[in-house]
Every structure is written in C-alpha cells, then in structure tokens.
Amino acid sequence: MEKNTKRLRMNMVAWLSYFFTGALVSTLGLVIGPVSTAFGKDPGFIGQIFTLMNLGLFLPILLSGILMRRFGLGRLLIAGSIITLLTCAALFLQPTLLMFSIGVTMIGATAGIMMAIGSYLVVRINEDPKLRSANLIFTDLFFALAGVTLSVVLGYLFRLGANWLTMYAIMGMLAMLMILLCLGQPFPSMPKQDAPLASTAENPRWGAAAWLLCCALFAFLLAEPIFTMWLPSWLKQQFALGELNAAYYITTYWTVKSIGLFINQFTVRFVQLRTYLLLSTLGGMISLGIACNSQSPGLILLCAGLFGFCNSGLFSGLMSYGSLQVKNSPPTLTSALLTIGTMGTLRFSSVSSFAYSRFGLYWALNSSTLAYGLLLVLLMLASLLSRAERLHLVPRQEDMPATPRSSHS
C-alpha cells in the first residue's frame with residue numbers, strides 16, 4: 001500500500017509538471033493583449049519578449065540530464081518552484097517591462113525543469129511500450145487541462161478588468177502546490193552515466209527515423225503554440241469578437257484536446273502507433289488549414305475543436321514512437337527527442353512575431369500551417385524508415401524457436 005501511495009504521488013508530480021508548463025504556454029494568446037496594453041507596446045514586440053520565456057524553457061531541458069544527476073529530481077523541482085514564487089512576488093512589487101522580461105525567463109526555466117523531470121518519471125515508471133505510450137498520453141492530458149481551465153478563468157477575469165499579473169499569481173500558486181507534493185517524497189535516482197551514442201552491440205545507432213521524429217516534434221511544438229497564440233488576435237481583428245468570445249475558441253481547442261487525450265490513452269493500446277500518428281496528423285493538417293483560412297467563425301470553431309482532437313496524442317505519441325526506434329531506449333534518446341522538440345517551443349514566438357511584423361497577422365497565424373505541413377512530411381518519411389515495428393514485434397508462437405528438452409525428462 002505504501003509503495004502504491006508513493007507511486008501515485010510521483011505520478012501526481014509528473015501531472016502537475018505538465019499542468020504548470022501547459023499553464024505557461026497555452027495562455028500566451030490571452031495574456032499577450034493585456035501585457036501589450038499595460039506597457040503600451042505592439043503585440044509583435046511582446047511576442048518577441050516571450051522568446052525569453054521559451055529560452056528559459058529550453059535551456060534546462062537541454063541540460064536536464066546533467067542537472068538531474070547532479071542535484072536529484074526532488075531538489076530541482078523544489079528549487080525551481082521557490083524561484084517561481086520569488087519571481088512572482090518581484091513582479092507584483094515592481095511590474096516593469098524589465099522585470100517582466102526577467103520574470104518570464106525565470107518561470108520558463110522552472111517549466112523546463114518540470115517538463116524534463118515529468119517526462120523522465122513517466123518513462124522510468126512505465127517500461128512496457130504500450131503502457132508507456134498510454135501513460136505519456138494521459139500525462140499530456142494535464143498540459144491540455146491547463147489550457148482548458150485557464151482559458152476560461154483568465155478570459156472571465158480579464159473581462160472583469162483584471163490585469164496581466166493575475167496570470168503570474170496563478171503560476172505562484174501552482175509552484176506552491178509543487179513544493180507541497182515534493183516534500184518528503186522519495187524520487188528514483190538517475191543513472192550515473194548515460195548510454196554512449198556510439199554504435200555497439202548493446203547500444204545500437206538510433207537510425208534515421210529517430211532523428212526524423214526529433215525534427216517532427218520540433219515542427220509540432222512550433223505549430224501548436226503559434227496557433228493558440230495568434231488565433232484570439234485574428235478573431236478579434238477579422239470578426240470583431242470580444243475578449244471572452246475569442247478566448248472561447250481556445251477553450252474549445254484545449255477542451256476537445258483533453259477529451260482526445262483521455263480517449264486516446266486507450267486507442268494506442270489497440271491501434272498500431274504508426275497508423276495512429278499518420279491519421280491524426282493528416283486530420284490535423286486539414287483542420288488547421290481550414291481554421292486559419294475560413295471566413296466563417298462557426299467553421300473556425302468546429303475546426304479548432306477537430307484540430308485539438310487530432311493533436312491530442314501527437315506529442316506523447318511522437319515521443320513514444322521515437323523511443324521505440326531502439327530496442328532498449330537509452331536516456332539520451334528521450335533527452336534528444338525532448339530537447340530538439342522543445343526548440344520548436346523556443347522558436348515559435350520569435351518566428352510568428354517576425355511574420356506578424358513583416359507580413360501581418362494572417363501570416364503570423366498561418367506560419368502554424370506551414371510548420372504543421374513540415375510535421376506531416378517528416379512523419380511520413382520516418383514511418384517509411386521506422387525500425388520500431390520490427391524491433392518490438394511480438395513473435396508468433398509458431399515462429400519461436402523450439403525449446404530444447406531437458407535431459408532429465
């Protein structure tokens with residue numbers, strides 16, 4: 001019973017890690033307007049500042065293996081949460097543009113630490129390939145739940161006149177909850193040394209498909225936040241929707257994505273992972289293209305929901321499919337998938353803000369369509385070169401070698 005309780009609490013740490021990161025990333029489209037108004041700056045300029053948050057998110061993930069081995073999982077989570085609490089307090093005491101820039105960088109760094117540790121915990125706890133895929137999808141559900149809940153809460157509060165600091169008060173409360181969860185909780189130890197990248201009998205090369213899936217994760221994590229960041233602004237400009245109505249579209253996206261995440265944790269147990277990923281990405285490409293180019297608000301709402309459903313298992317599915325390209329997936333492969341993928345999160349704000357400044361809001365939003373098209377191409381190439389199906393295929397009984405009889409029988 002005690003072992004099950006500790007395991008549940010460790011899962012809760014992973015869930016909260018994803019919720020914290022989702023809260024920070026998924027609400028940018030709602031926060032960018034109030035922040036721009038508060039500081040009297042163009043949304044494109046504020047979008048560039050959010051690149052600092054993405055940089056803070058990226059660097060801890062890049063160094064996650066070193067940091068986790070050096071300091072341990074629990075200490076890192078508590079330290080990052082304390083930094084977030086202090087940063088939020090500083091923002092309330094001195095709400096200047098400089099402090100905002102520093103603040104989003106520091107909170108982004110905490111999110112990077114939490115994302116890396118949360119992903120590692122799920123992979124470490126679940127060794128079976130199908131269970132790993134299912135549990136990664138279920139954990140990713142909490143990223144989407146953050147988008148659902150905070151889109152509603154922030155949209156309502158901003159309509160009542162709350163300022164941008166409300167968002168960072170919420171982040172401070174989440175950091176406090178993480179500290180409470182981590183206190184007294186034993187965490188698994190990290191291996192002293194990652195598996196080498198060199199090809200050996202025990203540690204084979206990852207193969208081209210693994211690297212293509214790393215790039216596919218990059219394209220996915222570039223496309224999705226661009227869409228959620230700029231869609232509210234597009235709706236307000238194109239259709240004169242109010243703050244709360246525009247937020248409803250993002251809420252719909254995250255709500256349907258959450259439903260999809262709950263459903264698809266079971267789907268991947270019965271459907272081949274490659275088939276699931278290809279069909280989901282193709283559906284997502286069609287939905288996104290319509291949502292970014294339709295002149296009908298009702299059709300955009302419908303396609304935003306369909307896009308959320310198609311995206312629901314892609315991050316976790318791509319992570320799992322990439323890790324299955326090697327028989328015994330080393331920690332370095334998981335780290336590479338997460339690191340290269342997170343570079344998309346690092347670049348989405350600067351790429352789309354550049355498109356906004358040079359070509360206008362339409363192309364800022366449609367840069368997500370271009371990135372998603374790249375995702376589809378990369379996934380198709382990876383599926384052609386994949387070794388996962390061969391490496392993890394369960395042999396049929398008649399194909400298994402006969403067991404030698406004992407000389408005593």
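The questions and answers below concern a predicted model.

Colleague: Is Val104 buried or exposed?
Modeller: Val104 is found in helix H6, residues 97–125. Leaving aside neighbours within four places in sequence, Val104 is in contact with Ile49, Phe50, Met53 and Tyr168. The relative accessible area of Val104 is 1%, and the cut-off for buried is under 20%. Val104 is therefore buried.

Colleague: How many of the residues of helix H13 are buried?
Modeller: Helix H13 covers residues 314–323. Among its buried residues are Leu314, Phe315, Gly317 and Tyr321.

Colleague: Which helix gives the most to the lining of the largest cavity?
Modeller: The whole structure has 3 cavities of 30 Å³ or more, and the largest holds about 180 Å³ of space. Of the 15 residues lining the largest cavity, those closest to its centre are Met115, Phe143, Leu221, Phe315 and Thr345. Helices H1, H3, H7, H9 and H14 each supply at least two lining residues. The one that gives the most, with 4 residues, is H9.

Colleague: How many residues in the lining of the largest cavity are nonpolar?
Modeller: The lining also has 3 polar and 3 charged residues. The nonpolar residues number 9.

Colleague: What is the phi of Ala240?
Modeller: Ala240 is found in the loop between helix H9 (208–239) and helix H10 (243–267), and counts as exposed at 67% relative accessibility. Most residues other than glycine have a negative phi. Ala240 is not a glycine, yet its phi is positive, at about 55°.

Conventions. Residues numbered from 1 in each chain as written. Predicted model: local features only at pLDDT ≥ 70, side-chain atom pairs only at ≥ 80, totals over all residues. Heavy atoms only, no water. Buried < 20%, exposed > 50% of the residue type's maximum accessible area, 1.4 Å probe, protein only. Contact = heavy atoms within 4.5 Å. 1 Å grid on protein atoms, 1.4 Å probe; cavity = no way out; pocket = protein on both sides within 12 Å on 5 of 7 lines; lining within 4 Å. Points joined across faces, edges and corners; volume = space filled by probe spheres on them. Nonpolar A, V, L, I, M, F, W, Y, C, P; charged D, E, K, R; others polar.
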